[in-house]
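Hi everyone, thanks for coming.

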Amino acid sequence: MDNKQELNLKNANYYMLFEEQVKQASKCSAKPKLLMHACCCPCSSHCIELLSEIFDITIYFYNPNIDELEEYEKRYAELIKLKDEAEFAKNIHLIYGDYEPEKFYEMARGREMLPERSERCYDCYMMRLKKSADYAMKNGFDYFTTTLSISPYKNADWINEIGIKLEKEISENGRISDHPKFLFSDFKKKNGYKRSIELSKEYGLYRQDYCGCVFSKAERDRKKSEQ
């Protein structure tokens, strides 16, 4: 990323930048390798459908925020189901990231009472994207990104800010032309979130009603009790 582009990212249209990147990627003689961090299968479904013709996609499932191993495995199993049943997902690769909830709780210590979309959430995005960026760098990927931005409850500006920062950091580990680039994302645009709901219904995917962490689960339970 050059300095001019970096300076113009404030109030950027991330989906437009994403479309420009995809247009360039589509001109490659071979599909560029994309590592896509996935928070869950429903969010991944539209992202895979959108990008599978352009990129060689590897889904990286790493979410230490998820409160229980059973939930972690259930969400990963849905990715396997989608790969087995959806034509657009048949060629993706799946990586089961280590379940490391202790790292999430260490990060969240002292910030347990903060609301959703607080600095705790920012650092949660950072944890997951940092792990993904490191994996992409070590394994020769051309791009890395995340499905997180498809959710209307996630801050796409933060997600892209983090991705840009990580791209800049990992570029120091090799030649500039070799490091993986962050693929801008705001996958909720152009009815992306709506499409993910449609695909979830079509393939009978499990759609969780909380992000995964114990704090979002408590907030979900509180709202239910008030209804």
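I'll talk about pockets, and then about one serine.

A quick word on the source: this is a predicted model, where local features need pLDDT of at least 70 and side-chain atom pairs count only at pLDDT 80 or more, while totals for chains, interfaces and linings use all residues. Residues are numbered from 1 along each chain as its sequence is written, and side-chain values use heavy atoms, with hydrogens and water left out.

By pocket I mean an open set of points on a 1 Å grid over the protein atoms alone, where a 1.4 Å probe fits, with protein on both sides within 12 Å along at least five of seven lines; lining residues have an atom within 4 Å of a point.

So, what lies nearest the centre of the largest pocket? That would be Glu 116, Asp 209, Tyr 210, Cys 211 and Ser 216, out of 37 lining residues. Helix 9 gives the largest share of that lining, seven residues. Helices here are DSSP runs (H or I, at least four residues), numbered from the N terminus. Helix 3 (41–51) and helix 6 (119–138) also supply at least two residues each.

Now the second largest pocket: its lining includes Lys 31, Phe 55 and Asn 91.

Back to helix 3, because that's where Ser 44 sits. Is Ser 44 buried or exposed? Buried, because its relative accessibility is 0%, and buried means under 20% relative accessible area (1.4 Å probe, protein chains only). Beyond its neighbours within four places in sequence, Ser 44 contacts Ala 38, Leu 79 and Thr 147, contact being heavy atoms within 4.5 Å.

Note on methods: Buried means under 20% relative accessible area, exposed over 50%, partly exposed in between (1.4 Å probe, protein chains only).
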